[in-house]
Amino acid sequence: MSEPKTDKPRVPAVEGWFTMSEPPALLGTRCVQCSTIFFPRETVACRNPACRSTAFTDHELSRRGKLWSYTTAHYQPPPPFIADDPFVPYSIAVVELEAEKMTVLGQVPTSVPAESLVVGMEMELVIDRLYEDEQNEYVVWKWQPVASSATENGGAR
Amino acid sequence: MSRDVAILGVGMHPWGKWGRNFAEYGVHAAQAALDDAGVDWRDVQFVSGGDTIRNGYPGFIAGSTFAQALGWNGAQVASSYGACASGVQALSVARAQILAGFCDVALVVGADAAPKGFFAPVGGERPDDPDWLRFRLMGATNPTYFAFWARRRMALYGSTSRDFAQVKVKNSRHGLHNPYARFRKEVTIDEVLASKVVADPLRLLEICATSDGGAAIVLTSEAYARKHATKWVSVAGVSTVTPVFPSTVIEMPNMATDSAATVPLPPVSFRDSIARGAYEQAGIGPEDVNVAEVYDLASALELDWYENIGLCEPGDAEKLLRDGVTTIGGRVPVNPSGGLSCFGEAVPAQAIAQVCELTWQIRGQAEGRQVEGAKVGVTANQGLFGHGSSVVVKG
């Protein structure tokens, strides 16, 4: 994942949830009335039960947070996950964002060894390959340790 | 006025991978419960089914599937879905009907025929469904979430893989003689730790399998029970609570939690609120409980439940386990049935099965796994998408 494996166009695996800028950011929404932040994006009605607002602005989430927990998946999940063949185990991180007081999941790039993960460590958002088809490489947000060896050749480009 | 309802009969179809239609397990369990109660099916006035989403249309309208299979008797019907908490949703509906005076005799049934392997979202391309998206965008299976909570325990309290394995060892012994359990084999810590890692730190022997099975309860008003029985076990509290915003512990199938930046955290967390709701209705506290059935979807989760249902303070669950407090013979045995560890999960039947086990325990009929002097029991369970489920059963 240090360099694209293909020359295929990079396409977000989900539309509008993150920016492809450098550095990238998760794109949530913020209630215009009570300022509560939502990710994934809430655009219908504020979920603060004391607020009746239906208006939101875009809100970029913090790019860094602390590792709350993690796991490494050793068995291939069922569809709609699109797995590489052969299946490569991957880690998933739960990262706590201090300003937002919330946690957000994300895979960890497979270049990061699972052994290097420690609860409490600083993590940062990157954009990395999820799967590809004939036309495109589909990318998604992932979390990787800050200032680890993985950072230099990490997914952030 | 008492708000208790009577459990006149309970019944189950053994858990396993039987490869038959779910309705068959439900009918078997229902007939066993009716026989146990000495109630004629034609006298049942309300049928409350726990739904299964993996068996087509008959699964979505489980109440009438069972009613038709038993022979239409004109009973009123409801079908409930609340993921793993479906069984208690069905129980809750039946209890409310009885307490409102709309009926005296209700039959609560849940049954499932489950596919092998990881649970997957229901079919089709549904990019606006969080349950679909968590698989597509990050391959987050159910055991992924179990592992998050297990790892968090390790980080917060210094729990070890051996602690988690010890839960499995205990439950494998508890379930050894349970005729309804699917896995009846004693395992050692070394065997657990030698099994394959599924979602680090959890291993294959620590994660509950998907199962076929069925469970049923004949629930009646106290007035009806007085006329037709001399002794019975009662449902004294039922909790089907949802979280209070903001809920900041990651839960299936979400990819993020709520934000607590603008609205303060509620005084009681969602998991802590689940049994509390049932205790309050029953007018008891955790100190009154002699036996508990909790949802050990994975070994480590049983330890969380000790704390969530108030058996000990956060961080003390491992000590409770190590001291044998939660083993049969201890002060408050947990999962004497063997739990999901010995059953696997038959989704809409599981929360009903928990109540069946407590009924047998309190009646003194739990052969080979009896908790001596069991008088008050509590169940705890949680379904994805914010379903709490807890029942207080008392003699």
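**Ground rules**

I am working with a predicted model, where local features need pLDDT of at least 70, side-chain atom pairs count only at pLDDT 80 or more, and totals for chains, interfaces and linings use all residues. Residues are numbered from 1 along each chain as its sequence is written, chains are lettered from A and ligands numbered from 1 in the order in which they are written, and side-chain values use heavy atoms, with hydrogens and water left out.

**Strands of chain A**

I took helices (H or I, at least four residues) and strands (E, at least two) as DSSP runs, numbered from the N terminus. Two strands count as paired if DSSP finds at least two bridges between them.

In what order do the three strands of the open sheet in chain A lie? I read the order as β3-β2-β4, with antiparallel pairing. At the edges I find β3 (37-38) and β4 (56-60) of chain A, each of which pairs on one side only. Strand β2 (residues 27-31) of chain A is joined to β4(A) by five bridges in the antiparallel sense.

Next came strand β6 (residues 90-97) of chain A, which pairs with β7(A) in the antiparallel sense over seven bridges. A:E96 has A:T103 as its bridge partner in β7(A). The hairpin of β6(A) and β7(A) has four residues between the strands, and there A:K101 takes a positive phi near 50°. Strand β7 (residues 102-108) of chain A is mostly covered, with seven of its seven residues buried (buried means under 20% relative accessible area, exposed over 50%, partly exposed in between, with a 1.4 Å probe and protein chains only).

**A loop residue, A:F39**

Is A:F39 buried or exposed? It sits in the loop between β3 and β4 of chain A, and it counts as buried because its relative accessibility is 3%. I listed what A:F39 touches, leaving out residues up to four places away in sequence: among them are A:W17, A:G28, A:M102, B:A256 and B:T257 (contact means heavy atoms within 4.5 Å). A:F39 and A:M102 are 63 residues apart in sequence, yet 9.2 Å apart in space, C-alpha to C-alpha.

**Where the chains meet**

How many residues does each chain bring to the contact? I noted 41 residues from chain B and 45 residues from chain A. The area buried between the two chains is about 3500 Å², and carbon and sulfur atoms give 67% of that (buried area is the accessible area, 1.4 Å probe, that two parts lose on being put together, summed over both). B:R136, B:L137 and B:M138 supply 19% of the area that chain B buries against chain A, more than any other three residues.

I found one salt bridge between chain B and chain A (a side-chain nitrogen of Lys or Arg within 4 Å of a carboxyl oxygen of Asp or Glu). B:D258 forms a salt bridge with A:R47, with the closest N and O atoms 3.5 Å apart.

**Cysteines**

I searched the whole structure and got zero disulfides over all chains (a disulfide is a pair of cysteine sulfur atoms within 2.5 Å). For A:C34, the nearest cysteine sulfur is that of A:C46, 3.6 Å away. For B:C208, the nearest is that of B:C84, 8.0 Å away.
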